[in-house]
Amino acid sequence: MNEKERPIGVFDSGVGGISVLKELYKVMPQEDYIYFGDSRNAPYGTKPLEEIRKLTISNVQQLLSQGAKGIVVACNTATAAAVRILRGMYPSLPLVGIEPAIKPAALQPGHPVVLVMATPMTIQGDKYRKLVSRYETEAEIIGLPCPGLMEYVESGKTSGDELLAFLERLLSPYRNKIDSIVLGCTHYPFVRKAIEGLVGERVRIFDGGNGTAREMCRRLSEADLRTTRTGIGTVFFENSLATEEEIELSRALFQKN
């Protein structure tokens, strides 16, 4: 196969990275995609660092063995744990990770108060701390670990009373104190509407999906690896659980508005 016509590989610890896949598809609809979700080992955000690294490297290598011409690590936890190592292993590969969208949230006028919702591992990581230190003079940045939230998305629960009660417990201490929320896990955009309903229109919500998609587009263009097709590309879903239910959930989330 012509190198330019090979698919883009997208990897996440589960189905959350489909929020990034949707942005990639908006930016580059002509490309083919393979999405691999490691739901059997989810969540990554509560695992030891070395285990996250091993899982991430192994799953990226699987996508490369299937012919991926570029890789998007669509998981904040996996990015923080392994992207630097992967770049050392594959220096010529277009490889993009994702990080919490703290920059645009912090650079709003008036020294805003920014709440970063993320997995415990993301908030404990060096990458997150360095990102916060870069913008802590511009904004008050509060990290909020959210263990358990991604599991709602993994089980297909993106609305409903149980989810709302869970989010209420997380967010009620901050509701009248914050100007914006950063969704620092790729699962969380799927519960964005529920979060918006709790915090109101005054609070702006940011996630890093679109910036990640535009960065992959730029890197593929630099490497002269953009497809020459003019039609719409294909999206192929795989999951380590290997059940039809998991693939159906993946397709449903991809179609979700």
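Is Glu 51 buried, partly exposed or exposed? I will come to that in a moment. This is a predicted model, in which local features need pLDDT of at least 70 and side-chain atom pairs count only at pLDDT 80 or more, while totals for chains, interfaces and linings use all residues. Residues are numbered from 1 along each chain as its sequence is written, and side-chain values use heavy atoms, with hydrogens and water left out.

Back to the opening question. Glu 51 is partly exposed, at a relative accessible area of 35%. The cut-offs are under 20% for buried and over 50% for exposed, with partly exposed in between, using a 1.4 Å probe and protein chains only. The side chain of Glu 51 meets that of Lys 47 in a salt bridge, with 3.8 Å from N to O. A salt bridge here is a side-chain nitrogen of Lys or Arg within 4 Å of a carboxyl oxygen of Asp or Glu. Lys 47 is buried, with a relative accessible area of 17%.

The structure has 21 salt bridges. Some of them form a network that links Glu 215, Arg 218, Arg 219 and Glu 222. In the bridge between Glu 215 and Arg 218, the closest N and O atoms are 2.6 Å apart. Both residues sit in helix 10 (residues 209-222), 3 residues apart, about one turn of the helix. Helices and strands are DSSP runs numbered from the N terminus: H or I of at least four residues for helices, E of at least two for strands. Arg 218 also forms a salt bridge with Glu 222, again with the closest N and O atoms 2.6 Å apart. Those two are 4 residues apart in helix 10, about one turn. Arg 218 is partly exposed at 39%, and Glu 222 is exposed at 60%.

Now the sheets. Strands of a sheet pair through backbone hydrogen bonds, either parallel or antiparallel. Two strands count as paired if DSSP finds at least two bridges between them.

Strand 2 (residues 33-37) runs parallel to strand 9 and is joined to it by 5 bridges. Within that pair, Gly 37 stands opposite Asn 239.

Another open sheet has 4 strands in the order 6-5-7-8, and the pairing is parallel. Strand 6 (140-145) and strand 8 (204-207) each have a single partner strand, so one side of each is left without a neighbour in the sheet. From one strand to the next, the twist averages 25 degrees. Strand 5 (residues 113-118) pairs with strand 6 over 6 bridges, and Val 114 stands opposite Ile 141 in strand 6.

Last, a pair of helices. Helix 1 (residues 18-27) packs against helix 11 (residues 244-255) at about 50 degrees, with axes 9 Å apart. That makes the two helices oblique to each other. Axes are lines fitted to C-alpha atoms, for helices over the stretch in contact, and angles run from 0 to 180 degrees between N-to-C directions. Under 35 degrees is roughly parallel, over 145 roughly antiparallel, 65 to 115 roughly perpendicular, and the rest oblique. Ile 18, Leu 21, Lys 22 and Tyr 25 of helix 1 meet Ser 250, Leu 253, Phe 254 and Gln 255 of helix 11, where contact means heavy atoms within 4.5 Å.
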